[in-house]
Amino acid sequence: MYRIQIDRSLCSGFGACAELAPDIIELDASGNATARVGMSDDPAVLDAAAACPMAAILITEEEAA
Amino acid sequence: MTPPRSVLVVGAGLAGARCAETLRAEGFDGELVLVGEEPFAPYERPALSKEFLTGERSAEELFLRPNAFWHEQRIELVLGQRVASVDRERRTATTSGGRVIHWDALVLATGARARQLPFEAPAGTHVLRTLADAIALRRELLPGARLAIVGGGFVGAEVASTARKLGVDVTLLEAGSAPFERALGPELGVRLAERYLDHGVDIRTETAAAAFHARPHGRVRAVELADGSVVECDVVLVAVGVAPAHELGAEVEPPIYACGDNAGSRGHWTGAAAEAVGAARRILELDPLPAQPPFFWSDQFGLRLQLVGDTTHADEVELEGSHDSFVARYRARGGKLVAALASNQPAAMGGLRLEVAAAA
């Protein structure tokens, strides 16, 4: 499982994350990325984090409970 | 090629930090050292001209990751030291503190340094690139102080915006006929210049700083312009761009890699973070990720400007929207969309990014 943390003070609204992992990350009305869920097993979150030009998305792998 | 057992990343800015954490995230298990010249853990540089300067955010709030993160990820931070020399044959690096670090792969993420003007800068003259620069400048931006900013680029404009909020008098000196003329085109430049005037900034265009005048005790008193006129001031910010830091050599071939402002041909226009991820993936011999168009943003005078793509070869600009909230599309000769700018339209950015990517 991946824990998803988005630093909204870093987010600059590029939007690639929401495109690469639409089930997990969405953009709110002000264009900032918001995680729909705190944890996911979808590896798309890794692509979303890698595509962020601000490194605002932190993914940490955790053992499934 | 066998994967490296140790990686040394030189430079602890966004690119260096991102490269190191990507190596770990992609499964690199060897020794990983990140050396940074500044005495701070990797931090968010863009805030230096904005929330940090106003005092809305403290230095602690600028760190890219909590301190525990580096420890948990087994990324050793060596801070407050430069890498003084690299031995490419023996695969070692020696820090300014005398430590010798062995590497199987070396990442140069040394970044860029603020350019200076080619004449003597008296006390009260600043640049803004590092947290230490921002701390020094912040001390001087007191209500009623007179600030002269040399250079109407993004740093100059953002500091002008912040300084006005702090009650500082601002004169902005720009070499072109409008701020951002080269980066964003004359239409946008004129629009932004009007906005700066509305916010009480005195803009002088088509002018260059020729010398600084100092008081008898050494502090800056005025900027002399090329036409001989003089702008009196108490504080100066020199914001005339950055120069890549190439002290360790610009030559990069595996097992030496580069990412960030020292590597990208367009400095801040290309994503330092994307290059850092790319370097980490090359080290681990992973396939590259799909390329993203360059992206940049700036917060100034109540506008959030977001630019995607490259305006270098733009021939015409289409503007739509109001004075505050608008979209500009940059087209090359023949009509191809090469870049798009959104002002206070964050929700439009995603679509514009896809338009630019589709046209590429």
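1. A salt bridge here is a side-chain nitrogen of Lys or Arg within 4 Å of a carboxyl oxygen of Asp or Glu. By that rule, 1 salt bridge is found across the interface of domain 2 of chain B and domain 3 of chain B. It pairs Arg195(B) with Asp324(B), their closest N and O atoms being 2.5 Å apart.

2. A word on the basis: this is a predicted model, where local features need pLDDT of at least 70 and side-chain atom pairs count only at pLDDT 80 or more, while totals for chains, interfaces and linings use all residues. Residues are numbered from 1 along each chain as its sequence is written, chains are lettered from A and ligands numbered from 1 in the order in which they are written, and side-chain values use heavy atoms, with hydrogens and water left out.

3. The contact (heavy atoms within 4.5 Å) takes 8 residues from domain 2 of chain B and 14 residues from domain 3 of chain B.

4. Now the chains: the contact takes 24 residues from chain A and 26 residues from chain B. The buried area (accessible area, 1.4 Å probe, that two parts lose on being put together, summed over both) is about 2000 Å² between chain A and chain B, with 60% from carbon and sulfur atoms.

5. Chain A and chain B also have 1 salt bridge between them. Glu19(A) forms a salt bridge with Arg353(B), with the closest N and O atoms 2.9 Å apart.
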